[in-house]
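Here is a friendly note to read alongside the structure. Please keep the sequence and the 3D view open as you go through the points.

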Amino acid sequence: MLGTFDNDQPFIEIEISGVSGISKKIGALVYSGFNGYLQIPFIEAFPLGLVLVGIQANTLANGSTSSHLVCKGNVCIDGKCIETTIDIESGNIVLLGTKLLKELGKTFILDCAAGKVAITDSSKT
């Protein structure tokens, strides 16, 4: 699956769904600094009918703490889908984390010079 560069940042298209049966395709920033599964804004989460499972607190780099909602939902990348936890934040960006890629058995390929972004099955690399 090929992605795109937007302002020198790698994005790929994913599909998210919840219990409502509604699904949405959305561009997600592949962010190796996020070791979670997926983070989406409130405005994207609520219409999908994601199921709330709790609240999680994180310690930030500056030592402060921040809390966010954690929901269950389904995420599909390149036709492969899993049910997973999704962090819900007040920001406006969708972050795809390394745990999700690992869980799906995917390899992230980034060639900045050529402007190439790709997600492949790990067995194909």
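1. Let us begin with a term: a disulfide is a pair of cysteine sulfur atoms within 2.5 Å. A search of the whole structure finds one. It joins C76 and C81, whose sulfur atoms are 1.9 Å apart. The torsion about their S-S bond is about 110°, so this disulfide is right-handed.

2. A word on the source: this is a predicted model, in which local features need pLDDT of at least 70 and side-chain atom pairs count only at pLDDT 80 or more, while totals for chains, interfaces and linings use all residues. Residues are numbered from 1 along each chain as its sequence is written, and side-chain values use heavy atoms, with hydrogens and water left out.

3. Are the cysteines buried or exposed? Buried means under 20% relative accessible area, exposed over 50%, and partly exposed in between (1.4 Å probe, protein chains only). C76 has 17% relative accessibility, so C76 counts as buried, whereas C81, at 46%, counts as partly exposed. C71 is in no disulfide; the nearest cysteine sulfur, that of C76, is 17 Å away. C71 is buried at 5%, and C112 is exposed at 56%.

4. Next come the salt bridges (a side-chain nitrogen of Lys or Arg within 4 Å of a carboxyl oxygen of Asp or Glu). The structure holds three of them. In one, E44 pairs with K24, the closest N and O atoms being 2.6 Å apart. This pair links distant parts of the chain, 20 residues apart: E44 sits in helix α1 (residues 42-45) and K24 in strand β3 (residues 23-30). Helices (H or I, at least four residues) and strands (E, at least two) are DSSP runs, numbered from the N terminus. E44 counts as buried at 18%, and K24 as partly exposed at 37%.

5. Which residues are linked in a network of salt bridges? They are D78, K106 and D121. K106 meets D78 at 3.8 Å, N to O. K106 lies in strand β9 (residues 106-111) and D78 in the loop between β6 (65-77) and β7 (80-89), so the pair ties together parts that are 28 residues apart in sequence. K106 also forms a salt bridge with D121, with the closest N and O atoms 2.6 Å apart. D121 is in strand β10 (residues 116-121), so this pair ties together parts 15 residues apart in sequence. K106 is buried at 8% relative accessibility, while D78 is partly exposed at 41% and D121 is partly exposed at 25%.
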